[in-house]
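Subject: Structure for you to look at, with notes

Dear colleague,

I am passing on the structure below, together with notes on what was found in it. Please read the notes alongside the coordinates and the sequence.

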Amino acid sequence: MSLHILFDLDGTLLNFREAEYDALASLFNHFSMDSAEENFQLFSQINQSQWDLFEDNLVTLTQLRFNRFKQFLEVLGSDLDASAVATYYENQLAQGAHLITEAHELMGQLHGKYPLYAATNGIEHIQTQRLAKSGLDHYFEKVFISEAMGVSKPDTAYFNHVLSAIEAEPSDVIMVGDSLNSDIYGGNQSNLTTVWYNPHNHELPIDIDRRPNYQIQHLMQLISILP
């Protein structure tokens, strides 16, 4: 038996919050917008709400990419073109290769011992560029990006596609991620072993379908779980 490990990227190995902040700071400067801290927080909240809708199949990725800036600009009372702002943001975000603490150390120890894969919801050109810039890309045998696949986590079709591509049974696969919905719920529904990366020590969910098999507060703790 070969144990296969799927890693979520944003919030698990890549620090999305820092990448988002840098991209927004550049955007605010480029378009001469107010860079008050509340505007960073406002966009982050709108962005997350759109990704939540996307994971529930209530909006498409194309709609998400436009809607988040349409809503953001409307709240600000700005007449900037949402499409132009979205394009600039995505190009800046693609440069964000900030890492979660211990990401390189963990991947270096696991590489060569287990088949490793990236499993991420996201925009293909952004995730591909960020992964390459981070230096993590060479650790992965395959990278599964929702836009390229046409289906996203937590949909079982996403995980079925991954299982088929890596030629593995669900019992031989571990899903490691920070999202209780896309990673844990998705992995549970597909009968994978799930590991919740929970650095802020949030309480376990009441919903049994979103309860992980394991949880870790630091990435290197994953080592103690693996056979």
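In which loop is Pro154 found? Pro154 is found in the loop between helix H7 (146–149) and helix H8 (156–166), where helices (H or I, at least four residues) and strands (E, at least two) are DSSP runs, numbered from the N terminus. The peptide bond that joins Lys153 and Pro154 is cis, with omega at about 15°.

Before going further, please note that this is a predicted model, in which local features need pLDDT of at least 70 and side-chain atom pairs count only at pLDDT 80 or more, while totals for chains, interfaces and linings use all residues. Residues are numbered from 1 along each chain as its sequence is written, and side-chain values use heavy atoms, with hydrogens and water left out.

The sheet

An open sheet is formed by 6 strands in the order E3-E2-E1-E4-E5-E6, and the pairing is parallel; two strands pair if DSSP finds at least two bridges between them. Strand E3 (142–145) and strand E6 (214–216) stand at the edges with a single partner strand each, so one side of each is left without a neighbour in the sheet. From one strand to the next, the twist averages 20°.

Strand E1 (residues 4–7) pairs with strand E4 (residues 173–177) in the parallel sense over 4 bridges; within this pairing, His4 has Val173 as its bridge partner in E4, and Phe7 stands opposite Val176. E4 also pairs with E5 in the parallel sense over 4 bridges, and there the bridge partner of Ile174 is Thr193 in E5.

E4 is mostly covered, as 5 of its 5 residues are buried, where buried means under 20% relative accessible area, exposed over 50%, and partly exposed in between (1.4 Å probe, protein chains only). In a regular strand the side chains alternate between the two faces of the sheet. In E4, Val173, Met175 and Gly177 point one way and Ile174 and Val176 the other way, and all are buried.

Helices on the sheet

Helix H9 (residues 180–189) lies across E4 and strand E5 (193–197), and runs at about 165° to E5; axes are lines fitted to C-alpha atoms, for helices over the stretch in contact, and angles run from 0 to 180 degrees between N-to-C directions. Contact here means heavy atoms within 4.5 Å.

The pair H1 and H2

The axes of helix H1 (residues 16–30) and helix H2 (residues 37–55) come within 11 Å and cross at roughly 120°. That makes H1 oblique to H2, given that angles under 35 degrees count as roughly parallel, over 145 as roughly antiparallel, 65 to 115 as roughly perpendicular and the rest as oblique. On the H1 side, the residues that meet H2 include Phe16, Tyr21, Leu24 and Phe28, and on the H2 side they include Phe40, Phe43 and Asn47.

Glu102 is found in the loop between helix H4 (82–93) and H5 and is partly exposed, with a relative accessible area of 26%. Asn191 has its place in the loop between H9 and E5, and it counts as exposed at 56% relative accessibility.

With best regards
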